[in-house]
Amino acid sequence: MMKLYITPGSPYARMARVVVLEKGLENRVEIIAAQTRLADSPYYSINPSGRVPYLICDDGVGLEESAVICAYLDHLDGSPAFDLPAGDQAWEVRRLEGLARSMLDGLAVWSREILRPPGERSPTVLQHEAHRSGRMADLWESEIDHPLMGGALSLAQITLACALGLDARIRDFRWRPGHPMLSDWFDHIAARPSFAVTAPPSASLMSGALPYNVSQGTRKKPRAHGRKR
């Protein structure tokens, strides 16, 4: 069985978990909660970067980076659902994915800064990311009616929904006011079982129980550096 290492609050790990559910891979992928940002965590012997998500494939090879993992999982059954379309439309998909990823990356920085001890937080970073999130929400209010954001589920949609879902962890990320179309779109996506099951806990609940279908700790140590030669 493959092993997908995550943290419950990571939007990048959530992307991979959504793909696992959308592709019906629950019986092939074990979801394991990793201990990150902890000195001498046993997870670092599995993935030296300490980042999530991290997928240990059936052959023991490790994959890092959410887009890579999502693509790998999507192709396992030989019928990928999230590949780029043919022709010029592929660039439009990439454009939308880039906008969604830009918003997600900024929110991830904001979220991590909030989790630092109060005396170590940077007011400049907090203000910068708050302003960025507001501009991106305005942009997506005008982009969300794009046909590619309303059709079959795509990685652009998954990325954007995982970004917007961070309002559960960032109290000042109030993106809904003034963005009715974006709110309606998100509510529709959030109702999908794959998003409902993987909804992030609020920052105040992070020390509580793990979400459904997430194992605690680490297992037998797999190889971390690729295929043996």
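**Aromatic pairs.** I looked up the aromatic pairs in this predicted model and counted three. I noted that W110 and F173 form an edge-to-face pair, with 6.2 Å centre to centre and 65° between the planes. W110 lies in helix α3 and F173 in the loop between α5 and α6 (180-190), so the pair ties together parts that are 63 residues apart in sequence. I found both W110 and F173 to be buried.

I then turned to W175 and F186. Their ring centres are 5.5 Å apart and their planes stand at 80°, so I recorded this pair as edge-to-face. W175 belongs to the loop between α5 and α6 and F186 to helix α6, so the pair joins parts that are eleven residues apart in sequence. W175 is buried, with a relative accessible area of 2%, and F186 also counts as buried, at 9% relative accessibility.

**A charge over a ring.** I checked W91 and found R94 over its face, at 5.7 Å from the ring centre.

**V19.** I located V19 in helix α1 (residues 11-22).

**Second largest pocket.** I read a volume of about 230 Å³ for this pocket. Its lining has 14 residues, and A67, A71, F82, E97 and L155 lie nearest its centre. Helix α2 gives the largest share of the lining, five residues. By class, I noted seven nonpolar, two polar and five charged residues in the lining.

Methods:
Residues numbered from 1 in each chain as written. Predicted model: local features only at pLDDT ≥ 70, side-chain atom pairs only at ≥ 80, totals over all residues. Heavy atoms only, no water. 1 Å grid on protein atoms, 1.4 Å probe; cavity = no way out; pocket = protein on both sides within 12 Å on 5 of 7 lines; lining within 4 Å. Points joined across faces, edges and corners; volume = space filled by probe spheres on them. Helix = DSSP H or I, 4+ residues; strand = E, 2+ residues; numbered from the N terminus. Nonpolar A, V, L, I, M, F, W, Y, C, P; charged D, E, K, R; others polar. Phe/Tyr/Trp six-rings, centres within 6.5 Å; stacked < 30°, edge-to-face > 60°. Buried < 20%, exposed > 50% of the residue type's maximum accessible area, 1.4 Å probe, protein only. Lys NZ or Arg CZ within 6 Å of the ring centre and 35° of its normal.
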